[in-house]
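User: Hi! Could you walk me through this structure? I'd like to begin with the ligand.

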Amino acid sequence: MSAQDIWIFGYGSLIWRPDFDYLERQTASVAGWTRRFWQGSHDHRGTPDEPGRVVTLIEDSTQTCTGVAYRLSADAAHKIFDALDHREKNGYERLELCATTPTQRQLNTITYVATPDNFAYLGPAPLAALSAQIANSIGPSGPNTEYLFELADALRTLEVDDAHVFELEQQVRTLLS
Ligand code: SIN
């Protein structure tokens, strides 16, 4: 890895809809973090009055979160981060996290994380409440269910087992059936 390499680690919509050009895409994992539908979405998958739920990373020393890392060209990076700062403006901040590929490459990444002290954080809730909120929410980017189902499909493609996401998917599909 060169010191100049610029990587973004995505664990939510950035897995299945990055919306930017990249030089390289790698499955990668960050240790000490877990993916949870604990962040409110007032601007994409819900509204200010009826927020949806999207994923953030929660610190947990016993867990590892697998997603995708993208290597950016240095020339394009500035514009890409401007666009992502706008897209992720509902409570996410950029953190520097180390991600590891299946071949043990260590990547220094920029990762958008919504920490528990942000204004849009909703936190944990029982599975039934999470599922109902996702089943019923819709925002300017579309239904909250699309976000959940696309993420679940992308994780299956990556062969990532994520019980939190897959249980939610199953509950929401049951609610919709
Ligand atoms: C991410 O995908 O890495 C951040 C959360 C999101 O945009 O869904």
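Analyst: Happy to. One term to begin with: a polar contact here is a pair of N or O atoms within 3.5 Å. Keep in mind that this is a predicted model. In the side chain of Tyr-147, an N or O atom is 2.5 Å from an oxygen atom of the ligand.

User: How much of the ligand's accessible area does the protein cover?

Analyst: On its own the ligand has 250 Å² of accessible area, and the protein covers 97% of that.

User: Nice. Which backbone atoms come up to the ligand's oxygen atoms?

Analyst: A polar backbone atom of Gly-12 is 2.8 Å from a ligand oxygen, and for Leu-14 a backbone N or O atom lies 2.9 Å from one.

User: And which residues surround it?

Analyst: Around the ligand you'll find Gly-10, Tyr-11, Gly-12, Ser-13, Leu-14, Val-55, Glu-88, Tyr-92 and Tyr-147.

User: Switching topic: which residues touch the most others in the largest nonpolar core?

Analyst: Phe-37 and Leu-57 do, in a core of 48 residues. Strand β3 (residues 52-72) supplies the largest share, eight residues.

User: Which residues of helix α3 are buried?

Analyst: In α3 (residues 127-136), those are Leu-130, Ser-131, Ile-134 and Ala-135. They sit on the same side of α3 because they cover an arc of only 125° around the axis. Ala-128 and Asn-136, on the other side, are exposed.

User: What do the buried ones pack against?

Analyst: The buried residues of α3 pack against β2 (24-41), β3, α4 (144-157) and α5 (163-176).

Key: Residues are numbered from 1 along each chain as its sequence is written. This is a predicted model: local features need pLDDT of at least 70, side-chain atom pairs count only at pLDDT 80 or more; totals for chains, interfaces and linings use all residues. Side-chain values use heavy atoms; hydrogens and water are left out. A nonpolar core is a set of buried Ala, Val, Leu, Ile, Met, Phe, Trp, Tyr and Cys residues joined through side-chain atoms within 4.5 Å. Buried means under 20% relative accessible area, exposed over 50%, partly exposed in between (1.4 Å probe, protein chains only). Helices (H or I, at least four residues) and strands (E, at least two) are DSSP runs, numbered from the N terminus. The arc is that of the directions from the helix axis to the C-beta atoms. Contact means heavy atoms within 4.5 Å. A residue is near a molecule or strand if one of its heavy atoms lies within 4 Å of it. A polar contact is a pair of N or O atoms within 3.5 Å; within protein, one must be able to donate a hydrogen and the other to accept it, and residues adjacent in sequence count only if both atoms are side-chain atoms. Accessible areas come from the Shrake-Rupley method with a 1.4 Å probe; for residues, only the protein chains shown count as cover.
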